[in-house]
Structures are given as structure tokens and as C-alpha cells.
Amino acid sequence: MPKNKPLTSRQLQSIQTKNNLFESAVKLMKQHSLEDITIAEICRGAGVSVGSFYNYFSTKSDILIQMYEQADGYFDQKFRDLEPSASIRNDIVDYFKIYADYNLNVGIETVKQLYTCNNKLFIAKGRYMQNVLQALLEKGQAGGQLIADMTAEDMTEYLFIAARGVIYNWCLHEGSYDLERKMEEYMGRLVVVFVNAPPTLP
């Protein structure tokens with residue numbers, strides 16, 4: 001199989017420019033709403049011309065898409081490092097602790113901007129993060145650890161609705177409590193409804 005060709009200096013510069021634009025936008029989002037931020041301000045922070053923005057993004061909303069792609073990358077890296085436990089419940093809770101950790105790293109001011117009814121990316125199907133959880137649930141069902149009267153896809157949606165509620169509540173309280181601990185506690189109790197009770201001994 002042929003090896004991938006190394007990137008040219010021009011390609012590397014292009015990647016760096018896109019990253020600079022994204023980082024400039026995220027930095028501004030910590031202080032202002034994305035709707036109130038101008039493309040000129042984003043480009044000024046990245047040190048490029050306004051015209052350069054449109055080489056990488058069609059609209060400011062594409063910044064949010066980039067954020068979700070980075071979230072999937074972050075999640076992939078963190079989740080791959082986890083060793084599966086003997087308890088499917090613990091594995092699901094660990095999954096959502098990573099979800100909480102990512103939101104903490106993004107920062108509450110930026111997260112607040114994502115939690116709007118206009119952000120339909122939350123309900124987009126087929127994202128890596130969703131697929132990982134669905135595969136985990138399917139594995140739990142195949143092993144008899146999880147109930148079989150609900151599909152893994154439906155359970156994925158059910159759990160994400162709850163997890164987003166925890167994040168939204170954290171935003172409402174201005175990040176005044178430990179998000180990871182709250183997520184662990186909340187999801188730990190919720191997941192129990194999906195776990196098959198162990199057979200009773202005769």
C-alpha cells in the first residue's frame with residue numbers, strides 16, 4: 001500500500017490559517033455571541049484578510065461545525081484510552097464523563113452559545129460521538145447486560161437528551177458546581193433503567 005505523500009509547505013500553511021481563524025473565533029466567543037462577532041474581527045485576530053475567511057468557511061455558522069468536528073476528535077482520543085470495565089454501566093458513565101470534560105475544556109461562555117434551539121447540530125445523525133455510544137450499547141445488548149426492548153439507537157438519543165440537560169443546567173447555574181461529578185451522578189442513576197438485573201439464584 002503506498003504511503004501518504006507528505007504535505008507541502010503550502011498545504012501546511014493552509015491548515016494553519018484555518019486553525020488560526022477557528023481559534024480566533026473561539027477566543028472571541030468567550031466574550032461575545034457569535035452573532036455579534038464580525039468576520040472582520042475573526043480575521044483580525046487570525047492575522048489574515050477578510051477574503052481569506054471564505055477560503056475555509058462559507059459562513060460564521062461553519063465555525064460551529066468545526067467545533068463539533070474537534071469535539072469528535074477530542075472524544076476519539078480520550079475514549080480510546082479507556083480500558084473497558086466489567087460493568088457496562090461504568091463504561092457508559094465513563095463515556096459521559098468525557099462528554100462533561102470536553103464541555104469544561106471548551107468553557108462555559110462558549111458552551112452557552114451552543115445551547116440554543118437554533119443549533120440543530122445537536123440532533124444531527126451519524127456523528128462519531130453518537131456512533132461510539134451506540135456501538136457500546138449494542139455490545140451491552142449482545143452480551144445480555146442491557147435490556148433488549150429498546151434499540152441502541154433509541155437509547156443513545158435518550159441518554160444524550162439527559163446529558164445535554166445536565167450541561168444546560170450547569171450553564172444556568174453559571175458553572176457553580178462540579179460538572180463532571182454531577183454528570184457521573186446523574187447518568188449513573190439514569191443508566192440503571194437500561195441495565196438487566198442479574199438473575200436471582202435458586
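A: Let us begin with contacts along the chain. In this predicted model, A71 touches Y102, R127 and M129, leaving aside residues up to four places away in sequence.

Q: In which helix is the place of A71?
A: A71 belongs to helix α4.

Q: Is A71 buried or exposed?
A: The relative accessible area of A71 is 5%. Buried means under 20%, so A71 is buried.

Q: What separation is found between the C-alpha atoms of A71 and Y99?
A: These C-alpha atoms are separated by 8.8 Å, while A71 and Y99 are 28 residues apart along the chain.

Q: How are two packed helices described?
A: The description uses the angle between their axes and the distance between the axes. Here, helix α1 (residues 9–29) packs with helix α4 (residues 61–80) at an angle of about 100 degrees, and their axes are 11 Å apart. Angles of 65 to 115 degrees count as roughly perpendicular, which is why α1 is described as roughly perpendicular to α4.

Q: Which residues make this contact?
A: Helix α1 contributes K18, F22, A25, V26 and M29, and helix α4 contributes I63, L64, Q66, M67 and Q70.

Q: How many aromatic pairs does a search of the whole structure find?
A: The search finds 13 aromatic pairs. One case concerns F96 and F160: their ring centres are 5.5 Å apart and their planes stand at 70 degrees. Planes over 60 degrees apart count as edge-to-face, so this pair is edge-to-face.

Q: Where in the chain do F96 and F160 lie?
A: F96 is in helix α5 (residues 88–106) and F160 is in helix α8 (residues 152–172).

Q: Which residues do ring pairs link into a cluster?
A: The cluster consists of F75, Y95, F96, Y99 and F160.

Q: What lies over the face of Y177?
A: K182 does, at 5.5 Å from the ring centre.

Q: What is the phi of E174?
A: E174 has a positive phi of about 55 degrees, although E174 is not a glycine. This residue lies in the loop between α8 and α9 (179–191). Exposed means over 50% relative accessible area; with a value of 51%, E174 is therefore exposed.

Technical notes. Residues are numbered from 1 along each chain as its sequence is written. This is a predicted model: local features need pLDDT of at least 70, side-chain atom pairs count only at pLDDT 80 or more; totals for chains, interfaces and linings use all residues. Side-chain values use heavy atoms; hydrogens and water are left out. Axes are lines fitted to C-alpha atoms, for helices over the stretch in contact, and angles run from 0 to 180 degrees between N-to-C directions. Helices (H or I, at least four residues) and strands (E, at least two) are DSSP runs, numbered from the N terminus. Angles under 35 degrees count as roughly parallel, over 145 as roughly antiparallel, 65 to 115 as roughly perpendicular and the rest as oblique. Contact means heavy atoms within 4.5 Å. Buried means under 20% relative accessible area, exposed over 50%, partly exposed in between (1.4 Å probe, protein chains only). Rings of Phe, Tyr and Trp (its six-membered ring) pair if their centres lie within 6.5 Å; planes under 30 degrees apart count as stacked, over 60 as edge-to-face and the rest as tilted. A charge sits over a ring if NZ of Lys or CZ of Arg is within 6 Å of the ring centre and within 35 degrees of the ring normal.
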